[in-house]
Each structure stands twice: as C-alpha cells, then as structure tokens.
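Student: Please show me the structure, and then we can go through it by question and answer.
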Amino acid sequence: MNAMLLWMTMVFAADLNVPQAASDEVLRRGSSVEMVGIITEDDILVALGPPADDSHKWFLTVITRPGCSACALLKAEWSIKPELLAFARPGDPENSWSHYNVYRSDDPTQSFRWQGIQITEYPTVLVQPPRNGQYGDPATVVMQRSGYAGGAPSLAGAIRSAVLAYATRQPRAARSVQVVSADVGIAADAVQPEVVSAAPPFVVPGVEPVVQPPFVPPLAPAPQVPEPPSVPQGDSLAVLLSLLFSLLGSLFGTGMLTNVLLVTIMLLSAIRTFRKATNQKLWLSDEDFEKLLAALKAAAGKPPTAPRQGL
Amino acid sequence: MRTLITIAAILICGDAASATEMMELPAEVRAWFRNPDGSCVQCSIGMCGAWSNVPAATMLLWDTRYGSAVRGGSWPSRVASYCNARGIRAYNVTGDATHSWMMWAAKTGRFAAVGAGQAHFQTLYGKDAANKLWFVCNNNSTHKIDEYTQAGFDRLHHASGHWVVILAGPAPPAVPVYRQWW
C-alpha cells in the first residue's frame with residue numbers, strides 16, 4: 001500500500017513545482033548565469049559572480065496617480081533633465097546614483113508601502129537613505145515633496161539639500177535592525193493541489209498613457225521638505241592636526257597615560273575611517289566602537305562626547 | 001587593568017550587533033502567492049515581484065494584461081522563456097555560485113526565488129548576517145516566515161538543486177516611516 005502511494009505521489013508530482021526535469025537541467029547547466037527578460041546576446045553574462053553591491057545607494061521614489069499630468073511631466077523630465085538624471089537614471093539602474101522606483105497610488109499590490117506616511121498630492125517624491133545602514137535606518141523619510149510643475153533644478157536642489165542636511169546629522173550609526181513580524185516559525189511542507197482561479201486576487205492597475213513633455217503644467221506645487229537647521233561647518237583636518245600636535249607636545253609631561261589613551265583613540269578612529277572608506281570589514285559595530293571609545297575616554301579621565309561624523 | 005581587559009574582550013569578540021535584512025510584505029499580500037497546484041517557482045518569483053514592484057513578475061500566476069497564467073512546475077529554461085516573453089529582467093542562476101548570489105540578493109534588499117527543499121522553490125525572505133540566520137517564506141505556508149541556521153539553509157538549498165532567480169533592476173526601498181531627524 002505504501003509503495004502504491006509512493007508511486008502515485010511520484011507520478012502526480014512529476015510536473016509540479018520543481019520536477020525531475022528541472023533538477024536535470026540545473027545539473028546540465030552547471031555553473032551558469034543567464035540574464036533573462038531582454039533577448040540580446042550581450043545579456044548572457046559570462047561572469048558567474050553577482051553584480052557589485054549597490055546597498056550603498058540612496059532611494060528615490062516617485063509615487064504617481066493615474067491621470068495626473070504633473071506626474072507624467074515629472075517622469076518625462078526625469079528622463080531628460082540633467083539635474084534629475086544626476087540623482088537617478090530611470091531605466092539604467094547600474095549607472096544610477098540612487099535606486100529609482102516609480103509606484104502608482106492605485107496599485108493594490110504596493111499599497112502596503114504607504115501605510116506609515118501621508119500623501120496629500122501627486123506626484124510625491126520620497127528620499128530614503130541607503131540600505132546598508134551607513135546613514136541610519138533606511139526606512140527614514142529624508143525628504144517628501146509633493147506636486148511638480150516643472151522646475152527640475154528646484155527639485156534637484158531640494159533633494160541635494162535634504163540629503164546633505166540629513167547626512168550631516170548622521171553619526172553613521174549602526175545598522176538599524178528591522179524587527180520581523182511574529183510569524184517567524186518552523187518550516188512545514190505539504191502541497192495540496194486544488195482548483196485555482198486564473199483571476200488575480202486584486203485589481204490589476206490599467207495601462208497609463210505616456211505623456212511626453214513639453215506641455216503646460218498645473219500651478220501651485222506644495223513642497224514638504226523638512227527645514228533642517230543650519231550646521232556650522234569646520235575644517236575637520238585642521239582640527240584633527242591641531243589636536244594631535246597639542247597632544248604630542250605634552251606627551252612626556254604630566255598625564256602621560258591620559259595622552260597615550262587619547263592618541264590610541266585617534267589611531268583607532270583613523271583606522272576605522274580608513275577601513276570604512278576602503279570597504280574593508282570592520283572589527284567592531286558602530287555601537288561597540290562607541291562603547292570602546294567611551295571606555296577609553298573614561299580611562300583617560302575625560303567624559304564621553306558625542307560621536308564625530310565619519311567615525 | 002579592568003579597562004584593558006574590556007577593550008581586549010571587545011576586540012576579540014568582534015561585531016556582536018545584529019543587522020537583519022527582510023522583505024516587509026504583509027501576510028495578506030504573501031497569501032496571494034500560496035501554492036495551490038505545484039507552481040512553487042512562479043509563486044516565489046511572484047512574491048519577489050510584489051516586493052520589487054515588478055508587475056509582470058507579480059502577476060505570473062494569473063491571467064492579466066501581462067500574459068496568461070503560468071502554472072505548474074518550472075525549470076531554468078522555462079523560467080527564461082516566460083521571463084523573456086513578459087520582459088521580466090532577472091538573473092537565472094544555477095550551479096556553485098548560487099550561494100554568493102543569494103548573499104548579494106539579501107544584502108541589496110532584492111531577495112530571491114530559490115531552490116529550497118526537495119523539488120521545491122521558496123522565497124528567500126531575509127537574512128541576519130550577524131547571526132548567520134536565513135529567513136524563508138514557504139509558499140505552502142505563507143502566513144509565517146521560517147528561520148534557518150546557515151547549515152540548515154545550506155541543506156535546504158542543496159536538496160532542491162542549486163538554482164535561484166533574482167529580479168534585476170533597482171532595489172526597492174524599505175517601507176518608509178517618519179522619524180524626526182532634522
């Protein structure tokens with residue numbers, strides 16, 4: 001009886017999921033990478049390794065609405081205006097400074113993304129920091145700007161200002177930990193074939209006609225860029241050198257241990273900055289490094305201070 | 001002395017911080033991609049499509065303007081065929097390099113449809129690099145996310161044969177939230 005059941009399972013499972021034919025083809029292909037979706041000879045990748053890590057790129061998101069002429073204008077101008085192309089190159093993700101994504105407000109498969117923000121006008125442009133955590137939580141809305149009536153330089157300037165202001169305030173904090181929902185559990189397998197509908201369980205958005213510029217845009221854009229306070233800028237190298245000279249000058253005076261510890265802090269910071277700049281693996285997380293600095297500073301008899309940019 | 005010991009311990013122990021990359025699809029969205037009829041490859045790719053906002057991939061399972069429903073078992077050349085037909089840009093990877101591709105897919109936030117389990121495909125849903133944990137959404141139980149150790153995940157992937165499909169194009173952003181940073 002068991003043998004019969006096993007035989008039936010094998011027969012009925014022959015064309016389901018990943019059948020034996022798939023396993024055979026995987027073995028036939030061996031180590032191969034195939035670029036699909038575009039049928040050209042150039043898209044057959046000969047290199048077996050993955051592309052370069054692009055988790056350092058910022059995110060630029062455009063949320064549109066069907067029938068929105070300002071949305072069409074923005075998308076069209078983003079393909080041709082140099083000021084905007086400098087921040088994102090639609091259709092050319094490899095050479096784009098940021099990950100550029102366009103969403104439709106009426107797409108039910110994407111509505112989960114907008115539960116935590118308020119959208120009052122279209123198009124809405126969002127700027128978010130990189131996924132690698134270099135600038136804190138990648139979910140953070142760095143800039144939200146609604147409406148577009150032309151004026152690519154103005155939008156590009158707003159993006160630039162927001163990114164700079166945000167980056168200035170980030171101590172390159174440790175990667176944020178995204179908390180997983182409570183439904184993490186143990187794997188379970190059991191395929192139960194059933195009658196399925198060919199209709200999707202959601203309303204598929206229709207095709208939006210492409211509008212080419214130029215055309216007369218509507219008035220009254222409503223920018224919603226957070227106004228960051230001004231930040232005093234200083235020559236960090238000069239400050240570092242002056243601090244180093246003053247420390248060395250008194251190295252053999254009183255408080256030698258203190259000076260040695262301070263020099264150690266500077267050396268560790270310099271090594272860390274260099275390793276970050278050259279994309280080498282860091283010995284410590286930012287949090288642990290801050291603890292280390294605090295411990296060294298405490299040992300040196302100085303109270304811990306706020307982390308400096310770039311540490 | 002105590003300070004020095006603390007410093008040495010920190011240096012030796014290294015990075016203890018946890019950095020977890022995860023898809024953020026609600027359970028009700030994942031449920032759309034439950035496997036009813038042995039279409040695990042399309043279910044897995046479809047879930048990746050929903051995350052990466054690639055409608056032609058999201059809607060593989062159904063009759064839509066992107067094409068007729070694609071059902072039943074799949075193999076690399078079949079995936080290549082329907083991706084080409086629908087204009088779904090993807091990396092169709094087989095062989096020894098799949099592990100490094102999965103690492104890349106998780107690190108960049110794209111995630112992937114991966115061979116996982118005997119004759120089965122599932123969605124690589126997340127990775128905790130610090131603790132070497134992998135998170136997988138099985139299209140037979142989309143209400144939960146399964147957690148695997150490195151060894152467990154290796155066994156899971158090996159059981160199906162080394163084959164992964166990763167949607168190309170820009171990585172999607174994290175679900176945005178307001179935090180007062182200014």
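Student: How many residues does the contact take from chain A?
Tutor: This is a predicted model, in which local features need pLDDT of at least 70, side-chain atom pairs count only at pLDDT 80 or more, and totals for chains, interfaces and linings use all residues. Residues are numbered from 1 along each chain as its sequence is written, with chains lettered from A and ligands numbered from 1 in the order in which they are written. Two residues are in contact if their C-beta atoms, placed from the backbone, lie within 7 Å. Chain B gives 91 residues to the contact, and chain A gives 89 residues.

Student: In β2(B), which residue is the bridge partner of A:V33?
Tutor: Strands are DSSP runs (E, at least two residues), numbered from the N terminus, and two of them pair if DSSP finds at least two bridges between them. Strand β1 (residues 32-36) of chain A pairs with strand β2 (residues 90-94) of chain B in the antiparallel sense, over five bridges. Within β2(B), the partner of A:V33 is B:V93.

Student: Why is one side of β3 and of β5 of chain A left without a neighbour in the sheet?
Tutor: Four strands of chain A form an open, mixed sheet in the order β3-β2-β4-β5. β3 (98-104) and β5 (143-146) of chain A stand at its edges, so each has a single partner strand.
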